[in-house]
Amino acid sequence: MQQDPDWFRNVAEYILREGLPTTLKLAAVAVIVSTVVGMVLGTLITIPFRPLRALIRLYIEVWRGLPILVTVLFIYWTATAEVGGFRFELSAFWSAAVGLSLWGSAQVAEATRGAVQSIPREQHEAASALGFGWVGRHTFVIVPQAVRRLIPPMVGLLVNIIQNTTIAYVIGVSELLETANRQFENLTLAGDGHPFVIFGFVLALFFLISFPLTRLAAYLERRLV
Amino acid sequence: MDIVFAAFDWSFIWENRAEIWSGLKNTLRAAAIGIAGSFLIGVVLGAARAHRIPVVSQLAAIYVELIRNTPILVQIFFLYFGILPWLGYTGTPFLAAWLSITIWGGAFNTENFRAGFEAVPRQFREAAYALGFTPLKTFLNVTLPIGGRIALPSTINTYISVLKNTSLLLVIGYAELTSVANHIQSVTFRTFEMFAVIAVVYLALVWTLSALVRLLEARLALPESR
């Protein structure tokens, strides 16, 4: 079969039009959920109440310890199966989003715990002296100061989550790798798959997104910490 | 809760034990090669980076940035469908499997070891030179043992990631634990039980390695930092 001489243009357009928005959407959902859930859990774990601490510690160690692919596959397959008479329906996109968020929130929780515990004791005492309770003290005094230390690892997390969105390929989400692979398979049927160019193109796209962010993270690390 | 648990059936795990065991062995095999390979790459290129050896140092920096800023899953595709067939290799996925996770781990380990070697005080090397050590002997007897210990916690974290990354080898049909589990659940429909079992296996491996980090940190800490 004769190949369209314009094949690369078509492939690149398809990947950018179909894959890129899904990748960015998935990364955005995962980053936002990870940040919110992670910061709450990371602050709560500093409360000296053993059962709560143990529970959050278990959450962190389980979701950080499991390969993200295992988490995502587990959610995807069990969420579309019947469990105990309940029928759950979760699309591939949301299965991937939940899986990435579980992992990401565990990372954020651990970073937040370190940042919150690094705030000197006097800050707690001063805030208490002003009449703040635990919630007010953390919302208005402790966590805002901890956020400064959290910014560099958060940029690092953003890079990691963007890269890990490719795991959604395994369950068929139309993100960058899935759309690229579709084009590769189509072209292979037509004679030459051009794997070098197509997957090289995906690598280049991710590099263009990630490299400025890792530079930024390194810069912020020098400036803020 | 009784109803939920009554619906579970664990007997198929025992029936498929041979396949699960071979999956675990394949995971450990790829991880062992990946860990050993990334150790070697990390020490050699980390030393080249820390000592600013011309050309090698710059090439190593490019290698590290390329690998760290692209997803490993796309690297696996690029290697398996792009580079290896181009070089004329069309055999089993095992070569692409261990090679891809080694290249990935090597890049992260280069940074770990570079930071470790650079943290060794310059005076230590100067003292070794004054004692008549050659540059290579200085590296092997002074920089490597001290810098290697400084880098130890971060390198073990990289090895943990290498182990977890073996699960991604499912995409090229390497029969490691995750792909075996995925296959068994697609035949038996015992999804929950199957993934619960491999989750326990992965957590046991990962938690053992992270416990090792804490143990080694205490045991191998440099005397003055105790």
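# A predicted model, in questions

User: Where in chain A is the place of A:His194?
Analyst: This is a predicted model. Phi of A:His194 is near 50°, a positive value in a residue other than glycine. Its place in chain A is the loop between H7 and H8.

User: Is A:His194 buried or exposed?
Analyst: A residue with 20 or more other C-beta atoms within 10 Å counts as buried. A:His194 has 20 such atoms within 10 Å, so it is buried.

User: Is B:Arg52 buried or exposed?
Analyst: B:Arg52 also has a positive phi, near 50°, and is not a glycine. It is found in the chain B loop between H3 and helix H4 (56-68). B:Arg52 has 9, so it is exposed.

User: How many helices and strands does the secondary structure of chain A come to?
Analyst: Start at the N terminus of chain A. The elements run α-α-α-β-β-α-α-α-α-α. That comes to eight helices and two strands.

User: What radius of gyration does chain A have?
Analyst: Along the principal axes, the C-alpha atoms of chain A fill a box of roughly 80 × 50 × 25 Å. A compact globule of 225 residues would have a radius of gyration near 17 Å. Chain A instead has 22 Å.

User: What percentage of the contacts in chain A between residues at least 6 apart in sequence join residues at least 24 apart?
Analyst: Of the 225 residues of chain A, 42% count as buried. Now take the contacts between residues at least 6 apart in sequence. The share that joins residues at least 24 apart is 77%.

User: Which element of chain A gives the most to the side that touches chain B?
Analyst: The contact takes 32 residues from chain A and 33 residues from chain B. Elements of chain A giving two or more residues to it include helix H2 (50-65), helix H3 (68-79) and helix H6 (134-164). With 11 residues, the element that gives the most is H8(A).

User: What covers the buried residues of H9(B)?
Analyst: Helix H9 (residues 177-188) of chain B reaches 16 Å from its first C-alpha to its last, close to the 16 Å expected. Its buried residues include B:Leu177, B:Val180 and B:Ile184. What covers the buried residues includes H3 of chain A, together with helix H3 (17-50) and helix H10 (191-220) of chain B.

User: Which residue just after H9(B) takes a positive phi?
Analyst: Look just past the end of this helix. The phi there is about 65°, and the residue is B:Phe189.

User: Where in chain A is confidence lowest?
Analyst: The mean pLDDT of chain A is 91, and 94% of its residues reach 70 or more. Confidence is highest in H2(A), at 95. It is lowest, at a mean of 62, in strand S1 (residues 82-83) of chain A.

Technical notes:
Residues numbered from 1 in each chain as written. Chains lettered and ligands numbered in written order. Predicted model: local features only at pLDDT ≥ 70, side-chain atom pairs only at ≥ 80, totals over all residues. Contact = placed C-beta atoms within 7 Å. Helix = DSSP H or I, 4+ residues; strand = E, 2+ residues; numbered from the N terminus. Expected span 1.5 Å × (residues − 1). Buried ≥ 20, exposed ≤ 12 C-beta atoms within 10 Å, placed from the backbone. Rg over C-alpha atoms; globule rule 2.2 N^0.38 Å. pLDDT = per-residue confidence, 0-100.
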